[in-house]
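Subject: Structure for your study

Dear colleague,

Please find the structure below. I would be grateful if you read the notes that follow with the model open beside them.

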Amino acid sequence: MARTTRTVDDILPLSPLQSGLLFHSVFDEATPDIYTVQSTFHLAGPLDQDRARRAAEVLLQRHASLRVAFRQRSSGDWVQVVAARYRLPWTEVDLSGRDADQADAEARRVTLADRERRFDIGRPPLIRFTLIRLGELSHRLVLTIHHTVLDGWSLPILLKEFHTLYVTDADSRQLSPVVPYRTYLEWLARQDADATRSAWDGMLGGLAAPTCVAPGTDHTPQDPGRHEFGLSPQDTDALTAGARAAGVTVNTVVQTAWSLVLSGLTGSDDVVFGVTVNGRPAELPGIESMVGLFINTLPLRVRLRPEATGTELLRHVHTAQAELMAHQHVGLLEIQHRAGLGPLFDTSVVFENFPFEEAPRVSSGTDEIQVVGAESHSANHFPLSLVGMPQDCLRFKLFHQRDLFDETAVAAVVARFRRVLDALIHRPELPVGRIDLTGPEDRERVMAYATGPAGELDGATLPELFTEQARRTPEAPAVRAGGRVLTYRELDARASFLARELVRRGVGPGRHVAVMLPRGLDLAVALLGVAKSGGAYVPVDPDHPAERVAAVLADSAAVLVIAEPGTAPPAVDTLAVTDGEADSYTAGPHPHDPAYLIFTSGSTGRPKGVVVEHRSVGAYLSRARDAYPDATGLALAHSSVAFDLTVTGLYTPLVSGGCVHLAELPDATGGPRPTFLKGTPSHLELLGTLPDTVSPSGTLILGGEALRGEAVRGWRAAHPEALVINAYGPTEATVNCLEHRVEPGSDLPDGPVPVGRPFPNTRTYVLDGALRPVAPGVTGELYVAGVVLARGYANRPGLTAERFVADPYGAAGERM
């Protein structure tokens with residue numbers, strides 16, 4: 001017991017990192033505190049246990065930072081109280097009577113039990129000493145410490161002082177005077193807070209989102225797993241030489257490699273992760289021998305440019321940190337609060353220069369007692385934390401929260417880190433965008449999943465597919481609307497009559513004809529008539545605003561508008577659909593001729609006219625004919641002709657022998673029940689208010705919006721016999737290119753419904769900003785290639801070149 005009448009020597013504020021560690025320490029007091037760190041020193045030689053205890057007593061008396069406890073004031077602020085009266089937490093365990101294996105096992109059990117015992121942060125001191133006697137000449141000294149009171153850089157100082165005190169029997173006059181931790185806290189208070197805030201605001205300016213490898217997880221940190229690996233002597237030498245050549249540190253190379261790994265794990269090219277800095281200001285006298293918590297964990301932001309070389313990226317990372325050297329004392333909580341994005345990262349990189357895996361040089365070969373080995377145990381709350389340990393060969397530990405990253409996942413992260421580090425070491429001139437982030441196995445797996453089955457492409461066009469079906473079933477009902485029905489023969493005859501008239505007026509391949517008709521029989525005749533003429537139709541909803549109609553007609557350069565008399569805009573050539581019939585006729589468009597020009601919604605700006613070729617529409621419908629057998633019954637086509645949703649609902653039955661009913665959903669009440677319907681998830685609510693006879697008895701395809709399991713649960717419960725298909729595809733990919741089937745009776749959990757696998761002869765890549773495949777589960781941008789891909793945007797070559805780029809994974813000349 002320290003002998004004094006005082007109970008408190010001092011009351012001090014907290015350093016920035018102390019505040020952060022304290023938050024995590026008290027967050028869940030029912031679990032082991034991961035910020036309880038431990039170092040075990042293996043001692044050889046005769047040991048006087050009483051003298052060792054006296055050395056520990058003086059060590060605590062010398063350093064106020066070892067005698068603190070943390071208390072919360074009524075204001076809610078935390079302070080550290082330096083105790084004047086305390087009891088030295090000293091435990092002795094004698095295992096000398098056991099054989100070596102038993103003694104070692106029990107010593108490890110005792111050590112682990114001590115580490116798992118939480119400190120009461122309100123009771124000083126937050127350090128415990130355990131001396132384990134294994135034999136007359138073999139002992140272990142275990143220091144268990146709460147990380148809030150000191151950092152790893154302080155441990156060698158403590159150990160050297162302990163050794164000196166032991167040798168001199170606790171005579172502290174042999175040691176240099178202590179520079180108190182208060183000196184450092186006073187230095188902190190003198191720093192220019194405004195300049196520091198401005199520097200960090202500038203570094204994080206424009207950051208869109210945090211970088212998290214385990215976002216949104218409900219997770220209580222536990223003692224992490226540890227995956228150890230290292231570099232060969234040759235690679236260590238090459239890394240050191242490469243860092244020197246680039247004018248950076250080895251630590252910078254490691255940090256740069258981790259930034260690329262993070263990019264691969266998150267799909268982001270603007271990443272942030274935590275780095276641990278020494279935190280000991282060089283200008284503060286005595287700082288090198290001070291004991292306490294000086295390190296700080298700060299965000300490092302790395303913006304990755306695919307065209308930059310590895311060397312350029314290394315220098316960028318080095319410069320980013322050098323510019324903030326004078327501002328590394330600020331707390332992470334303040335930085336994150338000012339950024340306004342919540343926690344900025346959930347991974348960290350620590351580069352240790354106090355490798356306890358080698359025996360610290362605190363004793364000479366002539367001392368009676370020598371340190372012959374050491375072990376350390378530390379952890380943090382991050383899902384992933386990489387620790388680099390510079391030795392003869394650079395070693396690493398990757399700490400991981402086991403419930404978030406199992407051994408398999410961690411091994412994959414390590415393999416990725418090794419690949420990136422190898423590229424930075426041996427090919428620093430390589431552009432960042434060409435550094436392999438996935439590895440051959442992952443790349444082969446994702447590319448196989450991205451590729452739809454190979455199928456035969458016969459080049460069939462829309463008019464050919466319809467005409468063939470009309471020949472097979474001439475008298476079967478093809479389309480019905482407003483109480484009227486046209487057979488396949490009648491529909492073909494009327495469409496052929498219109499096609500001949502269009503050809504007479506100069507319509508042919510590459511010429512655009514706007515179709516501006518309400519939902520009805522004439523609409524089906526007009527669309528097929530334009531297709532048969534060899535021209536490309538431009539669907540225009542007559543209910544759309546006049547401004548949009550005018551913009552579509554102008555951008556499409558339509559040579560003719562098919563409309564009801566008096567409904568077309570003035571000053572355009574018009575044509576009305578008549579009841580005229582003619583022998584079956586098709587002008588025979590080429591598969592690469594445009595079939596239709598459909599305009600996107602324009603929600604993000606000016607609407608874009610997407611040119612879709614006959615080969616793409618033909619391939620889509622040929623697949624739909626086989627994939628949707630319920631389309632051979634009655635299909636309800638209810639959507640606006642201006643949306644490509646109608647392509648599925650209108651043409652699939654017409655190339656399959658089915659009948660299409662053109663009607664809005666409420667107007668279909670009382671009519672025959674459809675077997676096939678395509679809509680959006682938003683239509684589910686409307687279907688729920690209508691009689692069951694409006695909903696399809698066979699297949700419901702939903703697309704155009706993200707589908708969630710809970711959104712379709714009620715409809716499935718009311719129609720358990722129906723197949724639900726979640727279809728996905730942009731207009732630029734000919735309606736849809738991916739789909740996921742929810743079979744009747746199958747479970748569908750809440751949350752997003754998968755979009756499924758690609759169609760035949762289709763490739764759907766998920767790529768990063770450098771057009772590299774991302775690993776499974778990583779966010780990227782979807783690229784579509786193959787037969788479904790549209791030609792481009794009408795009359796917008798610049799935008800087409802920007803969006804329809806070369807496919808690096810397809811045949812020469814293919815785009816995506």
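Ala, Val, Leu, Ile, Met, Phe, Trp, Tyr, Cys and Pro are counted as nonpolar, Asp, Glu, Lys and Arg as charged, and the others, Gly among them, as polar. By that division, the lining of the second largest pocket holds 22 nonpolar, 15 polar and eight charged residues.

The model is predicted, so to speak of local features requires pLDDT of at least 70 and side-chain atom pairs count only at pLDDT 80 or more, while totals for chains, interfaces and linings use all residues. Residues are numbered from 1 along each chain as its sequence is written, and side-chain values use heavy atoms, without hydrogens and water.A pocket is an open set of points on a 1 Å grid over the protein atoms alone, where a 1.4 Å probe fits, with protein on both sides within 12 Å along at least five of seven lines; lining residues have an atom within 4 Å of a point. Of the 45 residues lining this second largest pocket, Y728, G729, P730, T731 and E732 are the closest to its centre. Strand 31 gives the largest share of the lining, four residues. Strands are DSSP runs (E, at least two residues), numbered from the N terminus.

Elsewhere, five strands make an open sheet of mixed pairing, in the order 5-6-7-2-12; two strands pair if DSSP finds at least two bridges between them. Strand 5 (90–94) and strand 12 (370–377) each have a single partner strand, so one side of each lacks a neighbour in the sheet. Strand 2 (residues 36–44) and strand 7 (residues 138–146) run antiparallel, joined by nine bridges. F41 stands opposite L141 in strand 7.

Yours sincerely
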